[in-house]
Amino acid sequence: MAKIESISHSGINVVDLKEAEEFYASIFGGLIAHRINFNTDDAQSGRAVHSDIALNDWLFAMCLPRGELPMPPDEQLRGTNGFRHGFHITREAFGQLIGRLQRQEVPFEGPRAHPDNSPLGESVYFKDPGGNFLEVCWRRDVVRGGVALDAG
Amino acid sequence: MTHASEGQTVGAHGGENAVTSDLEGFGFSHMILEVGDLDRSEQWYRDVVGLDVLGRGLMAEERPHSVLRMNSGQLLVLMEVESPEPRRHNSQTIHHAFWLTPDQYRSAQERFSADGIDISDERASFRAKGEFSMDAWDPDNHHWQVQTQGPEATEIIKPGVGVVECGPSEQFAVGSVTPFGKGNFFLIRNDEGFLALSRWCRHRNGLLINQKEHWQFFCHFHGATYNYDGDHTSHLRGVGPLRMNPVAITPEGIVTVDTDVVLERQEDEPPRFTPAGVGARLDGGTHGQDRIDQP
């Protein structure tokens with residue numbers, strides 16, 4: 001038994017908030033949960049400009065960087081800018097996602113099979129418009145999900 | 001672009017899992033973190049954070065890696081690289097967050113303190129009541145928030161100031177919204193009469209402000225909004241109307257609000273205003289609205 005329940009959210013940087021919101025909505029069906037510092041009250045509270053996007057049990061707090069954000073090469077579809085976020089869907093939905101990436105002309109790498117003793121079955125790898133690396137897999141084991149919380 | 005709206009299931013702030021994606025079975029699976037020393041990081045995440053180690057080499061990754069598991073089934077994958085960079089140049093507010101039960105949180109505080117980690121919350125001013133968070137940086141400087149939520153987040157708060165005299169009823173113009181710091185309520189005056197709405201947000205007990213320019217109350221912790229009837233109007237899921245305190249007009253025409261009595265109503269039930277006439281009052285228990293008594 002672990003002493004931690006789940007991972008609830010991450011703060012990531014994107015170069016264009018609207019573009020990022022549209023990407024996560026169109027690929028994953030994400031919903032804008034909260035836009036912060038787009039009004040006077042938020043600005044006065046000293047918070048960074050960001051959009052929170054809810055993805056089922058997950059939440060990305062998408063912030064603008066301080067300056068130009070170094071981007072991975074266009075041809076690099078799989079990697080880690082310090083980290084990579086992985087999402088699971090059912091094996092049946094895996095093909096649906098690949099079709100969606102193709103239709104929306106989002107370049108991806110894979111599918112790639114994991115070892116037989118892995119909790120994961122297969123994965124595909126791609127990036128969001130801000131150069132954040134993403135992975136989507138189907139899992140052999142059961143994930144009951146966590147609690148997504150506001151980035152605070 | 002779809003915006004969350006009332007009725008849609010955005011559980012990010014509601015404490016419940018929600019369905020926003022049309023992809024079947026969508027959820028967070030794992031995070032891969034760059035680390036410089038796999039043994040050192042595996043030990044830290046196992047012994048200090050408290051994750052279960054599943055094993056090494058379990059993913060389709062070429063670099064050495066270790067897979068650790070949380071109780072949800074979500075995984076943390078530590079991947080050894082030569083020069084880990086926890087965040088890109090020019091980035092800001094990069095962080096990740098663990099979610100714990102209150103008991104797990106208390107245990108984590110002890111483990112973190114024993115490891116020399118400052119368990120203070122660097123963003124305490126952004127927390128509503130009952131939200132607890134501490135910051136930790138792993139051996140490679142990845143920033144983690146470690147968070148939980150206690151019962152204070154949703155409990156009924158009574159200010160302990162009893163009956164508050166607000167002033168002569170004619171002092172409050174129709175359409176006015178008057179905040180009272182003593183008792184933490186808004187006194188609403190409209191053409192139906194008076195209504196006292198609690199300033200404590202029903203989502204996480206943040207203190208609301210009146211956004212006059214938007215004709216609404218606003219909680220800056222998670223963005224909950226309410227109209228001047230106390231109805232919840234934001235994207236958040238499962239948030240009820242604002243609680244109320246009974247309003248009375250004394251025979252002398254003074255508006256009073258009894259902050260020791262808290263009223264709740266259902267979402268489909270309109271608020272009942274206390275008529276502005278001398279001697280009017282709203283009776284009520286701690287749950288549900290009761291009758292209006294008029295002289």
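Predicted model: local features only at pLDDT ≥ 70, side-chain atom pairs only at ≥ 80, totals over all residues.
Helix α2(B) runs from residue 102 to residue 114, which is 13 residues in total. From its first C-alpha to its last, α2(B) reaches 19 Å, close to the 18 Å expected at 1.5 Å a residue. Which residues of α2(B) are buried? They are B:Q104, B:Y105, B:A108, B:R111 and B:F112. These residues cover an arc of only 125° around the axis, which puts them on the same side of α2(B). On the face turned away from the buried side, α2(B) carries the exposed residues B:D103, B:E110 and B:A114. Just after this helix, B:G116 takes a positive phi of about 85°.

I turn now to the nonpolar cores. The largest of them has 56 residues, and the members touching the most others are A:F28, B:Y45, B:L76 and B:F98. Helix α1 of chain A, residues 17–28, supplies the largest share of this core, with 6 residues. Let us take B:F98 as an example. Leaving aside residues up to four places away in sequence, B:F98 touches residues of chain A, including A:I4, A:S6 and A:I7. Within chain B, its contacts include B:Y45, B:V49, B:L51, B:M70 and B:L76, and also B:W144 and B:V146. Apart from this core lies another, of 21 residues, and among them are B:I188, B:F221, B:L236 and B:L242.

The next subject is the sheet. An open sheet is formed by 8 strands with mixed pairing, in the order β6(A)-β7(A)-β8(A)-β5(A)-β1(B)-β4(B)-β3(B)-β2(B). Which strands stand at its edges? They are β6 of chain A and β2 (52–56) of chain B; each has a single partner strand, so one side of each is left without a neighbour in the sheet. From one strand to the next, the twist averages 25°.

Within this sheet, strands β7 (residues 120–127) and β8 (residues 133–139) of chain A pair in the antiparallel sense over 7 bridges. The bridge partner of A:Y125 in β8(A) is A:E135. Helix α3 of chain A, residues 91–103, packs on the sheet and touches β5 (83–89), β6, β7 and β8 of chain A. The direction of α3 makes about 20° with that of β7(A).

I close with some details of the backbone. A:P111 is found in strand β6 of chain A, residues 109–113.

There is also B:N184, which is not a glycine and yet has a positive phi of about 50°. Its place is in the loop between β9 (176–180) and β10 (185–190) of chain B. Is B:N184 buried or exposed? At 15% relative accessibility, B:N184 counts as buried. B:W215, another residue other than glycine, has a positive phi near 55°. B:W215 lies in the loop between β12 (209–211) and β13 (216–218) of chain B. With 61% relative accessibility, B:W215 counts as exposed.

Note on methods: Residues numbered from 1 in each chain as written. Chains lettered and ligands numbered in written order. Heavy atoms only, no water. Helix = DSSP H or I, 4+ residues; strand = E, 2+ residues; numbered from the N terminus. Expected span 1.5 Å × (residues − 1). Buried < 20%, exposed > 50% of the residue type's maximum accessible area, 1.4 Å probe, protein only. Arc of directions from axis to C-beta. Core = buried A, V, L, I, M, F, W, Y, C linked by side-chain atoms within 4.5 Å. Contact = heavy atoms within 4.5 Å. Pairing = 2+ DSSP bridges. Axes fitted to C-alpha atoms, helices over the stretch in contact; angles between N-to-C directions.
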